[in-house]
Amino acid sequence: GLWGALTAVSPQDWEQRQEEDTLLIERILLLVRNVLHVPPDPTEEQGVDGDASVHDRVLWALHISGMDDLLKFLASAQVEQQWALHVLEIISLMFRDQSPEELAALGQGTAGAEHREDTQELETLRQRELAEKRTRARHRPSRHSRFGGSYVLQGVKSIGDRDVVFHKGLHNLKSYTHDLGKEPRRLPRRR
């Protein structure tokens, strides 16, 4: 086909390509252009959502056959400038159903989607770690406070007319004396 017509000619004979080869290349490019130029018919293409359209299937067939690589070659080769308008028209027809915004987003789509997935996964892991930390803190035995509470002992008077305020735990209440908490007076041994 077209690829054979282009590759059959050696680089030395590039300028002396046969007129038949040139006509064959032009006819194939026009055929591809005309096939891609067929407008979509919504009544014929009643498929399931997400199903590939006829245009998409034609593009896939062009890709499988290697025609897209050939078009890239024809567009970039200096000696093939005579086909530039045909190639440009074919490429514009290939992308006719796409908006420029969608095409621009496709290049970043996978990277952006992967980045969003990674961010979401990291956020999920972070939330799980915080939940585990809270659970561990709840189950951890709390440090015992030395503050046992304050109690008012009614009927036991302190200095003045007020009741005694007792700052120890209730279990120490039985051994309460007014001297509780005071340093005992130490006597020397010899006395």
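This tour goes through the model stop by stop, saying what to select and what is found there.

The model is predicted, so local features are given only at pLDDT of at least 70 and side-chain atom pairs only at pLDDT 80 or more, while totals for chains, interfaces and linings use all residues. Residues are numbered from 1 along each chain as its sequence is written, and side-chain values use heavy atoms, with hydrogens and water left out.

**The whole chain**

Of the 191 residues, 17% count as buried, where buried means under 20% relative accessible area, exposed over 50% and partly exposed in between, with a 1.4 Å probe and protein chains only. Among the contacts with a separation of 6 or more, 44% are between residues 24 or more positions apart, a contact being heavy atoms within 4.5 Å.

**The nonpolar core**

Next select Leu29, Leu36, Met67, Leu71 and Ile90, which have the most contacts inside the largest nonpolar core, a set of 15 residues. Such a core consists of buried Ala, Val, Leu, Ile, Met, Phe, Trp, Tyr and Cys residues joined through side-chain atoms within 4.5 Å. Helices α2 (19-37), α4 and α5 each supply at least two of its residues, and α2 has the largest share, with five. Centre the view on Leu71, which touches Leu29, Val87, Ile90 and Met94 when residues up to four places away in sequence are not counted.

**Leu62**

Move to Leu62, which lies in helix α3 and is buried, with a relative accessible area of 12%. Leaving aside neighbours within four places in sequence, Leu62 is in contact with Val32, Leu36, Met67 and Asp68. Of these, Val32 is 30 residues away in sequence, and the C-alpha to C-alpha distance between Val32 and Leu62 is 9.0 Å.

**The second largest pocket**

Select Leu59, Asp68, Ile91, Met94 and Phe95, which lie nearest the centre of the second largest pocket, out of 11 lining residues. The elements giving two or more residues to this lining are α3 (54-65), α4 (67-76) and α5 (84-94). On a 1 Å grid over the protein atoms alone, a pocket is an open set of points where a 1.4 Å probe fits, with protein on both sides within 12 Å along at least five of seven lines, and lining residues have an atom within 4 Å of a point.

**The hairpin**

Now select residues 151-157 and 163-166, the antiparallel strands β1 and β2, which four bridges join; two strands pair if DSSP finds at least two bridges between them. They form a hairpin with five residues between them, and Gly160 in the turn has a positive phi of about 100°. Across the strands, Val152 has Val165 as its bridge partner, and Leu153 stands opposite Val164.
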